[in-house]
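Visitor: Could we go through this structure together? I would like to begin with the overall picture and then turn to details.

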Amino acid sequence: MSIFMEFSTIYSTRSTYCFTYLLYLLFTTFPINTVNAQQRMIKGRITNPAGEVLEGVTVIQKPENHTTKSDSKGLFSIAGGGSAILRFTLVGFRDQEVKLHDKTDLHIILEPVDAKLDEVIITGYRQQKKSTYTGASTTVAATELTNQQGAAFNDRLQGLAPGLQIASNSGIAGGSTFVRLRGTTSVNAGNDPLYIIDNVFINSESLQGVRTGGQSTNPLADINPADIESIEVLKDANATAIYGSRGANGVIIITTKRGSKDGPTRINLNSQYGFAHYDKLWDLSTGPQHAEILNEAYLNDGGSYELRPYRPVSEVVNGVAGLGNPEDQGTYDRLGILFRTAQQQTHNLSISGGNNKTAFYIGGEFSDQPSIIRLQDFRRHSYRTNLDHKINERLAVGISASYAQTKRQLVRTGDTGGILNTGIHTPTLTPIFKEDGSYNNAERFNNPYILLENSNNHAYGKRFIGNFFAKWEIIPGLSFKTSWSLDNNDYRESIYYNANLNEGKASNGSATEGLTNDKTWIAEQLLNYNKDFGENHLAVFLGNTIQRNDFQRQLLTGTNFPSIEFKTIASAAITTAYDTGIISSGLLSYFGGANYSYKNRYNIDVNLRADASSRFGKQNRWGYFPSAGFSWRVAEERFIRENLSFLNELTLKTSIGWTGNQNINDFASLTLWNGGNNYLDLPGIAPSQLGNDRLKWETTRQLNIGLESSFLQNLFSVEFNYYSKYTTDLLLSVPAPAKTGFSSTLQNLGEMSNKGIEFQLTARPIKGDVFRWTSSFNISHNKNLIEKLPASFTQYNRDWVRLQQGYPMYSFWLYKQLYVDPQTGNAVYEDVNKDGKITADDRHIVGNAWPNYYGGFRNEFSYKNIDLNFLIYFSQGNKVFNMNRYFQEHAGSRGTSWSLQESMMRRWQQPGDITDIPRVTNQPNPDGSYNHNFESSRFLEDGSFIRLRNVTVGYTFDKKLTERIGIQTLRIYTNATNLFTITNYSGADPEVNVAQDFANQTVQGLDFSIPPHARTIEFGINATF
Amino acid sequence: MILAMNLFLYKRTKTFLFALSITLLFTHCEKDLLDFNPTESISDEFAIVDGKSAETALLGVYNKLQSSSYYGGDGYQAAAYLSGGDLLWVGTLNYYATFINHTYRADNRVITDAWYAIFRAVNGANHIIAKVPSLSTGITEQQKKQLVGEAYFLRALAYFDLARAWGNVPIVLQPTNTVNDANGIRQSTQGLVYDQVLADLNAAEALLDESINRNRATKNTVYALKARLHLYRKQWQEAEDFASRIINQSNQYNLIDWQTFINTKNSNESIFELAFSTLNTSAHFGSWSSISYRNQFAPNRALYELTQSAQTGGERKLLISDNSSTAIPNYFVQHLYWRTTNDNPTYILRVAEQYLIRAEARAQLNKLNDAIADLNAVRTRAKTALFQSNSQEAILRAIEDERRVEFALEPHRWFDLIRTERASTLAGATDHSKWIFPIPYNDIAADPDLVQNPGY
């Protein structure tokens, strides 16, 4: 009931009326039912065609709707009689209805069907069988997820669902993940799919308020993947349009585990313990190589041989001694100090069960996942309670509630104070210790030991996600469901850079405490009507949701500490505070839809949603999102059955619909002035935002054409989808002319398209009882294109990435290096306008971060008690900008303040050398370009890779053996991730990206000081009591 | 009642009423759900409504001057420091390096950010100039004159800085209310922009008092900027006159010793000193190299030696120290912006400049002895030997050299070398098209009225 309490605070006093009115409606309308006593008991036995008994078949008696399940001997008994009808349903088998005609003893034989088509999927606001579904979606079951690695469930989806492109940005547990479902439809209004857990629309944007240099956290890591029963990925417009303004980027619906009614109480314990280590790191030059390059640069830039910096110490010129010959220089490795073998563990305990009225699931988890790089730890405690209760035959209530606490230790990775700048970018030439044994801290980046000893950066998350629902079957076929949800997310950051660290040096210690709270309330009311008329089936639904989000952030900073011993802001000489106040937004929605199905063969869907968002100007507040779909189960036609009997299923489907996106800043439509523009410590205000009262939804139209088939006794099943998405009125932060005094304004400008195909083939080559093999392969292709953009503009602080009409997003804007002139050793760049000079006009788009295709190949084997499965993930054609190399092939221009890559050793040295690394020099070339420190396409590399994501081997002990010690099932297993990666990429890991601190990731495929993905080996035990 | 309601709703034919009730229910709530106001910001119509709010809006313009991309210690100043040829780039961001050998391109981030930052100050001033004169409540006439006068000065300074750096810039004199407001405004030539600067300075001069406030614009600040404007425009007599108006107020504006000047905020040396505080910090200390950390730029050996020599530097040796080691050669550290608490002021207009403006103007007017007297005033303060010569050319060269060391850590050298057309000889900028910066590539893409400067 705590959710109700929370809800009562949603509305101001004026509207408490709304709330009480609703409660009144709810609690005055519970029907009171009595069971009809004039009935006999019907008994029966259920088997498959081979005569094997079937356990767990749901038996429903109509019209009274009594329900039971068959036991382990396939037996059932249920009250019924006369002209009653029994309906038998079991996943994987065709439904059967039997008219009793006074029979009391039955033998029911259920025919197996293609399991996938009979799965019940949750599409929008109704549940339906996959066979009657006209849209495109993919279901990922718990068994597929548990073997995968990743603190957050979305990391684990990689390679499992066609059309879903997933790349965790780094190897840090709980770090951000790039998720795109069927491409990118937006630039500035967010591209994350909508995540819904047990009816709760959850926040998926990082609440980090303090930058941590190139990485951000993933709020979905607050959710324990072990609690998940299944994940439904909704892709096409017919599935997503019912989410209207939230649906343009696809919808991912997560269902958590629930207790089963009338089942025994089960206790499940799953413990795993493992080790993580790096697979590959960076190839840095040695100290002698670094010195050699510096000498060469000195000479090439006109220095005299006598004055070369690395000459014998004895060669004193003008009173300055040499630094020693290159070969006398030491090589000092920092990576070995900063990387570690991390010991990771996760323990899950769950209890589930139920009787005929109540079912429950209670789960608890502890997970400790330190990263392979030091100072990066992730720890999570989570609890879940899912409860279902039938008050009577018509009224059921339930809750789904989870609470999680996370604790992170963080460190900057890729900037001045970054741990990987210390590790990768400090020259190996520079000693770590001074001659007197103290730490050498005269480096550009922190000394590794100083960093390890002084870093103090933690973040604590607390998250409650709760849902209460009540479902009332008003009359058979007509039900009403009310659902109330809350996602309350607290995030506290506590950071102290003391004066020993580079970040704290200038300010004599700098500390920040940040508190962020993000709350979303949702109330949802839904009417569902299902009716069979002979061979016609009609399903209608009508609903309403209200959503409100409140966001608040407070930051407190202190600088100038008396000494490093003082760590709290109270002791800082200068303190400042920042408070956003509560920023609220609301969304009001009405929606409805109908599904008509004839003979379970022809299906038509229509949906409509209307949304009103507080984020838009009043005149454009409402948006309307319709969709429609059609599917035809061809294989059910008699001419196919008779002539093409090898076909078990063949379904053709198509859908079209419109979805929206409103994920922009609140108040983006208003012209605003901000405070805090102070002078002389007096308050000052300044224009902060140029309003646009015509701001409206970004709209995406999507067409889907799909085919699903299974054949040869379900030996193979295939699924193929083609989609075409077209987004108009892009919510775009458009550069304003500088003379206006603003750098950008938010406008509905530009159009973008995504077209793609998805293919999945599943084979079950061996289906025996002793040996089984299932194999699944999926591959996807997406082509993104900015169709219309009046003016092109750059993203990211170094302008590497540019949005330009006729090119896809994530395009790199660079000077294209054609070759290195074998005679001069200078890099030759493409002179686009042929003016003999290399100017900004010659900079153009030379590639993008999109893969041509990506996918997964998954195999499951079981032989007697042994099971084995593995997943290979691949991505082909994506470009990665290797920013580490950009810095590290500096050819001496950054002297001893920056490390060199070993690739410098294949530089041009004498006429005739054929190489891609030009002559070392700091001087500009005659055409105005530079060989080094230049935005050259040389650093844009092919980031294609094939990776063995996961291998799991398990052994399940004989039940007879374990039952003696009271254990139902006992399985031990070992699990390895990232055992091999095949790639031409020269960095440590092709699957990396500089995560921006904002949700709008407009940059992809940028590698700068990012920890690579770990190779992990885990051992686990799973016991059910 | 409950039972009746129950039965009523339980009837199949009436179920639609239930749905209807729910729909109606939430229609009631629409206002609470969809109408929110920002808590951090205010709408434009409430921004400037009386004297108090107009004052905050004016302080906001000074705040725009403080942008690190403008006068806050990096950006515009960095571009000038580095182009002047006396600095080393020792940082991570290669676009700083291009200033040293004048190979900056239109995609240079420093240039782009400075350009946008200055126009932000212009827009702030335009709001004051357009709105304050018509305010009717809560403001006195005197207050109006003060606020509008300061805004005119700030706009003049912004356009002066735009004109000397980019040459051809669009002149926008109205506040921006929609993104299309300035459509059609094309660039004016440098001369026309300077004319606008003078017009604004004249307006400011008429409105402001001749009071002393070293952190905000007064009539004296206007005189000092006018002296510099006329010097840039080679209007020697006017330059001499306006510089004299400052120099003559010797009880308020005089040359104090270097140690005191470096250590004291708002000393008598300052005419316009952009103030920073520990709550409102400057980027200056951080963007230069310090003893503990090498950031983007640092003085080079030549400048270091110039300041250390008793002949040329004198007391100005305090400005730079040598922190080099065998491991890091050429590691020089500046000490003008020395406060680690980052409340270092930016010296925009100061007395020594007025002396050197007047010296140069007088030399050009052939008042050689007066010119030498002004030059020697600066040299005396630095405790370097007095300069003597009868040659106009030698005196002008001596003033040029004096400015180099006197403003070793202030952004004058580059603009001086361009206005005297000596940048190719002394800063190696042989390509004259590089004497003005490129119009940012991104702004040309955003603004169809803009034309790129020749040579880019």
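Visitor: What percentage of the 1025 residues of chain A count as buried?

Guide: In this predicted model, with residues numbered from 1 along each chain as its sequence is written and chains lettered from A and ligands numbered from 1 in the order in which they are written, 51% of the 1025 residues of chain A count as buried. Local features need pLDDT of at least 70 and side-chain atom pairs count only at pLDDT 80 or more, whereas totals for chains, interfaces and linings use all residues. A residue is buried if 20 or more other C-beta atoms, placed from the backbone, lie within 10 Å of its own, exposed if 12 or fewer do, and partly exposed in between.

Visitor: And how many helices and strands does chain A have?

Guide: Chain A has 14 helices and 53 strands. These are DSSP runs numbered from the N terminus: helices are H or I with at least four residues, and strands are E with at least two. The radius of gyration of chain A, taken over C-alpha atoms, is 32 Å, close to the 31 Å of the globule rule for 1025 residues, so chain A is as compact as a globular protein of that length. That rule is 2.2 Å times the number of residues to the power 0.38.

Visitor: What does the C-alpha trace span along its principal axes?

Guide: For chain A the span is about 115 × 65 × 60 Å.

Visitor: Changing topic, how many residues of chain A are in contact with chain B?

Guide: 84 residues of chain A are in contact with 84 residues of chain B, a contact being two C-beta atoms, placed from the backbone, within 7 Å. Strand β27 (residues 583-598) gives the most to the chain A side, with five residues. By class, that side has 41 nonpolar, 33 polar and 10 charged residues. Here Ala, Val, Leu, Ile, Met, Phe, Trp, Tyr, Cys and Pro count as nonpolar, Asp, Glu, Lys and Arg as charged, and the others, Gly among them, as polar.

Visitor: Which strands of chain A and chain B pair in the antiparallel sense over three bridges?

Guide: They are β31 (residues 672-674) of chain A and β1 (residues 41-43) of chain B; pairing requires at least two DSSP bridges between two strands. A:Asn674 stands opposite B:Ser41.

Visitor: Which residues have the most contacts inside the largest nonpolar core?

Guide: They are B:Ile118, B:Ile128 and B:Phe297, in a core of 150 residues. Helix α7 (residues 141-166) of chain B gives the most to this core, with 15 residues. A nonpolar core is a set of buried Ala, Val, Leu, Ile, Met, Phe, Trp, Tyr and Cys residues joined through C-beta atoms within 7 Å. Leaving aside residues up to four places away in sequence, B:Phe297 touches residues including B:Tyr81, B:Trp89 and B:Trp288.

Visitor: Back to chain A: is A:Leu707 buried, exposed or partly exposed?

Guide: A:Leu707 is partly exposed, with 16 other C-beta atoms within 10 Å. This residue lies in strand β33 (residues 698-711). Not counting residues up to four places away in sequence, A:Leu707 touches A:Leu652 and A:Phe720.

Visitor: What is the strand order in the open sheet that contains β39?

Guide: The order is β39-β40-β41-β44 in chain A, with antiparallel pairing. The edge strands, each pairing on one side only, are β39 (793-795) and β44 (844-848). Three bridges join β39 to β40 (residues 801-803), and A:Phe793 stands opposite A:Leu803.
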